[in-house]
Amino acid sequence: MQIHQLDMWVHGHHKDSYKTPKVFVIGCSDVSDYLLAVEYKHQLEPIKDGEDPMHFGSLELVKEQLLRLGIDKAYLRLRNAYEEFGNEGAASYCDIELSLVTH
């Protein structure tokens, strides 16, 4: 999904039953950058700017971008690339809620 599509989704006209899209900040144990993704039809769609997924060098930069979009909550999804022999059926990631509201 393109960043401008997410922006239109968040700021468009909505029914009363509207829920803000679930946004994920994805980090991996072997990568220093963070990616953005949005849950769409029960699947994660990477947020792109042009052809490439958006990359961020820090969580602070991600938070600034999400606040500019008007998103006040996201989930940090941490993946462990080294977990090759974990429990079968167990998730290879951990989700942590990020509050983006500034105090």
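User: Why is K41 called exposed?

Analyst: K41 has a relative accessible area of 66%. Exposed means over 50%, buried means under 20%, and partly exposed lies in between (1.4 Å probe, protein chains only). The 66% of K41 is over 50%, so K41 is exposed. Please note that this is a predicted model, in which local features need pLDDT of at least 70, side-chain atom pairs count only at pLDDT 80 or more, and totals for chains, interfaces and linings use all residues. Residues are numbered from 1 along each chain as its sequence is written, and side-chain values use heavy atoms, with hydrogens and water left out.

User: Where is K41 found, and what is its phi?

Analyst: K41 is found in the loop between β2 and β3. Its phi is positive, about 55°, although K41 is not a glycine. H42 lies in the loop between β2 and β3 as well, and its phi is a positive value near 65° in a residue other than glycine. H42 has a relative accessible area of 77% and is therefore exposed.

User: What do β2 and β3 form, and in which sense do they pair?

Analyst: They form a hairpin with two residues between them. Two strands pair if DSSP finds at least two bridges between them.

User: What other partners does β2 have?

Analyst: β1 and β2 pair in the antiparallel sense over four bridges, and I26 stands opposite L35 in β2. Two bridges join β2 to strand β6 (residues 55–56), again antiparallel. The bridge partner of Y34 in β6 is F56.

User: How are the elements of the protein chain counted, and how many are there?

Analyst: Helices (H or I, at least four residues) and strands (E, at least two) are DSSP runs, numbered from the N terminus. The protein chain comes to two helices and eight strands. From the N terminus on, the order is α-β-β-β-β-β-β-α-β-β.

User: How do you know whether I47 is buried or exposed?

Analyst: The relative accessibility of I47 is 0%, so I47 counts as buried. I47 has its place in the loop between β3 (43–46) and β4 (48–49). Contact means heavy atoms within 4.5 Å. Leaving aside neighbours within four places in sequence, I47 is in contact with several residues, including M1, I3, L6, L36 and P53. L36 is 11 residues from I47 in sequence, and their C-alpha atoms are 5.4 Å apart. Across the protein chain, 26% of the 103 residues count as buried.

User: How many aromatic pairs are there, and what makes two rings a pair?

Analyst: Rings of Phe, Tyr and Trp (its six-membered ring) pair if their centres lie within 6.5 Å; planes under 30 degrees apart count as stacked, over 60 as edge-to-face and the rest as tilted. By this rule there are two aromatic pairs. For W9 and Y40, the centres are 6.1 Å apart and the planes stand at 85°, so this pair is edge-to-face. W9 lies in helix α1 (residues 3–11) and Y40 in strand β2 (residues 34–40), so the pair ties together parts that are 31 residues apart in sequence. W9 is partly exposed, with a relative accessible area of 25%, and Y40 is partly exposed at 38%. The other pair is F24 with Y75, at 5.8 Å centre to centre and 35° between the planes, which is tilted. F24 is in strand β1 (residues 23–28) and Y75 in strand β7, 51 residues apart. Both F24 and Y75 are buried.

User: What makes a charge sit over a ring, and which residues provide such charges here?

Analyst: NZ of Lys or CZ of Arg must be within 6 Å of the ring centre and within 35 degrees of the ring normal. The charged end of K22 sits over the ring of Y75, 4.8 Å from its centre, and that of R77 sits over the ring of F24, 4.6 Å from its centre.

User: Why is R77 called buried?

Analyst: R77 has a relative accessibility of 11%, so R77 counts as buried. R77 lies in strand β7 (residues 73–79). Not counting residues up to four places away in sequence, R77 touches, among others, F24, L44, Y93 and D95.
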